[in-house]
Amino acid sequence: MTTALRTVNPKARPRFSVAKPRKSVALTVVMLLFLIYALVPLAWLVINATKEQADLFSSFGLWFGDRFALWDNIAATLTYRDGIFVRWLGNTLLYVIVGAGGATLLATLAGYALAKYAFPGRRAYFAVVLGAVAVPGTALAVPTFLLFSQMGLTNTPWAIIIPSLISPFGLYLIWVYTIDSVPTELLEAARLDGASEMRTFFTISIRLLAPGIVTVALFSIVATWNNYFLPLIMLSDPAWYPLTVGLNQWSAQASGVAAEPIYNLVITGSLLTIIPIVAIFLFLQRFWQSGLSAGSVKQ
């Protein structure tokens with residue numbers, strides 16, 4: 001009896017059947033609803049920024065008016081009342097650069113120290129930070145106003161910048177990220193080589209912390225850019241208003257005895273206001289995604 005021998009090709013790879021992911025109709029519908037919910041207000045803002053004020057009330061909200069007036073609206077917004085909108089934009093940038101930038105720096109230094117150094121009162125300090133995360137900013141607005149009023153700092157940029165420097169959530173985020181991304185063995189090796197703590201931080205640790213730092217910076221920038229309640233109670237001089245309070249003042253001109261509605265400028269100004277923050281988010285989102293996924297996979 002002969003036995004048939006089969007030759008096996010060594011380059012042949014075994015075939016595995018890969019199960020295709022199941023499609024959920026309900027989940028797809030929910031995601032479409034969320035997408036519509038997010039995009040419809042933005043579409044409404046862009047479309048209505050192209051209309052004259054009369055077309056805002058005589059045409060459909062999600063369609064263009066009789067005349068495309070976007071460029072005229074932008075020019076009028078930037079020149080209205082001697083260009084006060086440009087001044088508000090500069091104030092907002094000042095608050096973001098100094099306030100959000102300082103908050104990111106302080107949160108990075110404090111979170112790193114809390115994660116990598118042992119010192120008396122460390123647990124108590126950490127408990128205070130966790131408690132501060134749970135306190136909403138609006139609950140502290142009135143006590144902050146009373147404190148700054150006694151110090152004579154109200155109606156000045158410092159009344160906005162100093163409170164913006166404190167970011168308990170950013171500190172906590174850096175603390176958690178440092179534990180997983182900066183090995184203690186690497187710091188000990190740097191110390192054995194004679195590197196100082198500051199040199200180790202700025203040459204080694206800060207590079208490993210880059211995704212977490214950018215994440216904290218993004219949250220701080222968005223919070224400071226959209227800050228409304230604190231500037232509203234702290235500032236009375238329109239020259240120091242941020243964009244949020246300034247546009248609200250323009251919108252309030254439509255009511256009262258000497259009403260002067262400028263809804264087309266309010267809508268156009270709102271569109272110009274979100275462009276920088278959207279650009280910053282799109283530029284930093286790759287670091288943001290990396291920061292959120294840190295520690296999710298263990299080797």
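Which side chains meet in a salt bridge at 2.4 Å, N to O? Hello everyone, that is where I'd like to start today. The two are D72 and R67. Please keep in mind that we are looking at a predicted model.

Let's stay with charges for a moment. Side chains of opposite charge can pair when their charged atoms come close. A search through the whole structure turns up three salt bridges. Besides the one between D72 and R67, there is one between E52 and R67, with the closest N and O atoms 2.7 Å apart. E52 sits in the loop between helix 1 and helix 2, while R67 sits in the loop between helix 2 and helix 3, so this pair ties together parts that are 15 residues apart in sequence. Because they share partners, what do the salt bridges make of E52, R67 and D72? They join these residues into one network. As for how accessible the members are, E52 is partly exposed at 31% relative accessible area, R67 is partly exposed at 38%, and D72 is partly exposed at 40%.

The other salt bridge is between E197 and R191, where the closest N and O atoms are 2.7 Å apart. Both ends are partly exposed: E197 has a relative accessible area of 32%, and R191 has 31%.

Now to a lysine that I think you will enjoy. K51 is in the loop between helix 1, residues 25–48, and helix 2, residues 55–58. Is K51 buried or exposed? K51 is buried, and yet it has no salt bridge. The nearest side chain of opposite charge belongs to D55, 7.5 Å away. What the K51 side chain does reach is the backbone oxygen of W63, at 2.8 Å. Setting aside neighbours within four places in sequence, K51 is in contact with a list of residues including F60, W63, F64, R67 and N264.

Next, the aromatic residues. The whole structure holds 13 aromatic pairs. One of them is Y80 with W250, an edge-to-face pair at 5.2 Å centre to centre, with 85° between the planes. This pair links distant parts of the chain: Y80 is in the loop between helix 3 and helix 4, W250 is in helix 13, and they are 170 residues apart. Y80 is buried at 14% relative accessible area, and W250 is buried at 2%. Together with F85, W88 and Y241, these two form one aromatic cluster.

That brings us to the nonpolar core. The largest one has 33 residues, and those touching the most other members are F85, W88, I160, M234, L235, W250 and I262. Helices that each supply at least two residues of this core include helix 4, helix 13 and helix 14. There is also a second, separate core of 15 residues, with A107, I174, I213 and V216 among them. Back to W88 for a moment: beyond residues up to four places away in sequence, W88 touches P238, Y241, P242, L243, G246, L247 and W250.

Last, a bit of backbone. R81 is in the loop between helix 3 and helix 4, and its phi is near 55°, a positive value in a residue other than glycine. D82 lies in the loop between helix 3 and helix 4 too, and D82 has a positive phi of about 60° although it is not a glycine. D82 is exposed, with a relative accessible area of 80%.

Note on methods
Residues numbered from 1 in each chain as written. Predicted model: local features only at pLDDT ≥ 70, side-chain atom pairs only at ≥ 80, totals over all residues. Heavy atoms only, no water. Helix = DSSP H or I, 4+ residues; strand = E, 2+ residues; numbered from the N terminus. Buried < 20%, exposed > 50% of the residue type's maximum accessible area, 1.4 Å probe, protein only. Lys, Arg positive; Asp, Glu negative; His and termini not counted. Salt bridge = Lys/Arg side-chain N within 4 Å of Asp/Glu carboxyl O. Polar contact = N/O pair within 3.5 Å; in protein donor to acceptor, adjacent residues only side chain to side chain. Contact = heavy atoms within 4.5 Å. Core = buried A, V, L, I, M, F, W, Y, C linked by side-chain atoms within 4.5 Å. Phe/Tyr/Trp six-rings, centres within 6.5 Å; stacked < 30°, edge-to-face > 60°.
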